[in-house]
Amino acid sequence: MPLIQWLAAWILLLFILYGLAQTRAGHTVVYYVLWLAVAFLLVSHADEIATLFVAGGITGAGIGQPGGA
Amino acid sequence: MSRQDDLAAIDAAILAAQLAANQQAQGQGQGQGQGIDPYLALATPELSEGQARYLEEQRKLRREAEAERARLSKEQEAILKAQEDLLGEEEAERLRAEQEEEARKSAIVKGTQSAIQKARQVARKADLSLGAIPTPGSIALPLILLIFLGFVLLQYNGNSKLIWLWLVLTNNAYVGGGGTAPMTDTPPATNTPQQGPLTGLAIVGAYVPRSGAGIQEAYY
């Protein structure tokens, strides 16, 4: 997918979410959808997140490495 | 008691009050020269012969006007009946069909309107019930958590998205696989292009194509 389409899709999604969040019911929907996204992200990357909590995990994630944060 | 009688009684009371007030004003004006409260006079309505005649005339006029209205409606009915007789069966059929069509249309419109109204009610109920669900904290909380997880903690193709952003901004990586690599400096003459052992792609300068899609490193 070209970069411009990817960017446009994200901007559109953000606009929709923002518009929804302005309504009474939409606010609740967006709130719980965001929490759901957090939960999915945690579950799908559980092994990576787990490595952060072992010795050297932070360095392994690129922090403190050349080119890393 | 009918409405007409009520009105007539009110008229009579007002007239009597005015008359009594006038008489009293005349009498007292000769004596003391003070005004009379008409509301006090209203409490004692006594009709003179002339007033009673006047009221009777008014009632008569009203009755005649109503009778006239009734006659007109009768005449109209007669005209309508005559019209129906003149138009004949064919025209009557046509008119009936038109009326039926109108009725059907109005039924469709009514049905649509009621459906829209019901849909609005359902949407309103859903809006109210969903809006009543508590949202502890604020919407910023999951949003910040999501951004932190996705951009800082988790790695994609070796680096976190924040690091990739930095690399792109500093021209050390570029977005979009399968396309052309960004403009790079001309490699020094001593650095001769080498053939990649696995992919067969030429290494131009320090540029190494790593994967077919996503963010790629411009410099190895």
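Tyr31(A), Leu34(A), Trp35(A), Ala37(A), Val38(A) and Leu41(A) of helix α2(A) meet Pro142(B), Leu143(B), Leu145(B), Leu146(B), Leu149(B) and Gly150(B) of α4(B). Contact requires C-beta atoms, placed from the backbone, within 7 Å. Helices (H or I, at least four residues) and strands (E, at least two) are DSSP runs, numbered from the N terminus.

This is a predicted model, in which local features need pLDDT of at least 70 and side-chain atom pairs pLDDT 80 or more, while totals for chains, interfaces and linings use all residues. Residues are numbered from 1 along each chain as its sequence is written, and chains are lettered from A and ligands numbered from 1 in the order in which they are written.

α2(A), residues 24-44, packs on α4(B) at an angle of about 25°, with axes 9 Å apart. Axes are lines fitted to C-alpha atoms, for helices over the stretch in contact, and angles run from 0 to 180 degrees between N-to-C directions. The two helices, α2(A) and α4(B), are therefore roughly parallel (angles under 35 degrees).

Between them, the two chains bring 23 residues from chain B and 23 residues from chain A into contact.

| Element | Residues |
|---|---|
| α3(B) | 49-131 |
| α4(B) | 140-153 |
| β2(B) | 159-160 |
| α5(B) | 161-169 |

The largest share of that side, seven residues, comes from α4(B).

Chain A has four helices and zero strands, in the order α-α-α-α along the sequence.

Note on methods
Parallel < 35°, antiparallel > 145°, perpendicular 65-115°, else oblique.
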